[in-house]
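The sequence and structure are shown first.

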Amino acid sequence: RTPVAILLSGRGSNATALIRAAQDPAFPARICLVLSNRPQAPGLDVARAAGLPTLAIDHRPYGKDRAAHERAMHAALEEAGAQAVCLAGYMRLLTPFLTQAWAGRMLNIHPSLLPSFPGLHTHERALEAGVRVHGCTVHLVTEGMDEGPILGQAAVPVLAGDTAETLAARVLRQEHQLYPQALLHFLTNHPPCASSADALLVA
Ligand code: GAR
């Protein structure tokens, strides 16, 4: 099974869905680390309760030095033996250092049908735009925010009387289905190389 790390910043409901899926021995990923930039993130408690290794690397002491924070995150991911990374509500923009280090093996879930509504406040913006269909996307992470190749999507209707909260809840239920499915599909169809260094050794 491919060792996969989860990065999160908050609640961790998508992390919970991934952790549950990976509790099935037939699932092609095992969660090797749950890593957060916020020491108080509830998602870390969920992971600890599941008996998984967790780590918080607080971004605040690094101030504006995003690169140094990302180097520490990257070292922790390598140390844990991660071969792929799932961003699950990781709410910091990544620099090219981390996106390039994990190119082709870092996934993200975003609460809209990309390429519509990249960025924040997706449910409010979907309501303002008057779309009738909304949803969520799992995609590979590239340098551009919410721009990488799409691995999977799930759609929900926008209903009369929806608020951002009711719409978000409808989308979130789909996120929890979609993310494990997309990871399963990704690992089954495109198992990531261990790392470029290992690939060179194998060659
Ligand atoms: C999820 O809705 C996820 O799609 C979104 O944050 C939420 C995290 O919830 N991610 C983004 O907006 C990324 N730009 P969770 O912590 O309960 O999984």
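Which pocket is the space taken by the ligand? The ligand takes the space of the largest pocket, a pocket being an open set of points on a 1 Å grid over the protein atoms alone, with protein on both sides within 12 Å along at least five of seven lines.

The model is predicted: local features need pLDDT of at least 70, side-chain atom pairs count only at pLDDT 80 or more, and totals for chains, interfaces and linings use all residues. Residues are numbered from 1 along each chain as its sequence is written, and side-chain values use heavy atoms, with hydrogens and water left out.

Around the ligand (a heavy atom within 4 Å) lie Arg-11, Gly-12, Ser-13, Asn-14, Gly-89, Met-91, Ile-109, His-110, Pro-111, Leu-172 and Glu-175. By class, this shell has 4 nonpolar, 5 polar and 2 charged residues.

The table gives polar contacts, pairs of N or O atoms within 3.5 Å.

| Residue | Atom facing a ligand oxygen | Distance |
|---|---|---|
| Arg-11 | side-chain N or O | 2.5 Å |
| Gly-12 | polar backbone atom | 2.7 Å |
| Glu-175 | side-chain N or O | 2.7 Å |

Taken alone, the ligand exposes 450 Å², of which the protein buries 86% (Shrake-Rupley method, 1.4 Å probe). Helix H1 (13-22), strand S5 (106-110) and helix H6 (164-189) each give two or more residues to the shell; helices (H or I, at least four residues) and strands (E, at least two) are DSSP runs, numbered from the N terminus.

Technical notes
Polar contact = N/O pair within 3.5 Å; in protein donor to acceptor, adjacent residues only side chain to side chain. 1 Å grid on protein atoms, 1.4 Å probe; cavity = no way out; pocket = protein on both sides within 12 Å on 5 of 7 lines; lining within 4 Å. Sits in = over half its atoms within 2 Å of the grid points. Nonpolar A, V, L, I, M, F, W, Y, C, P; charged D, E, K, R; others polar.
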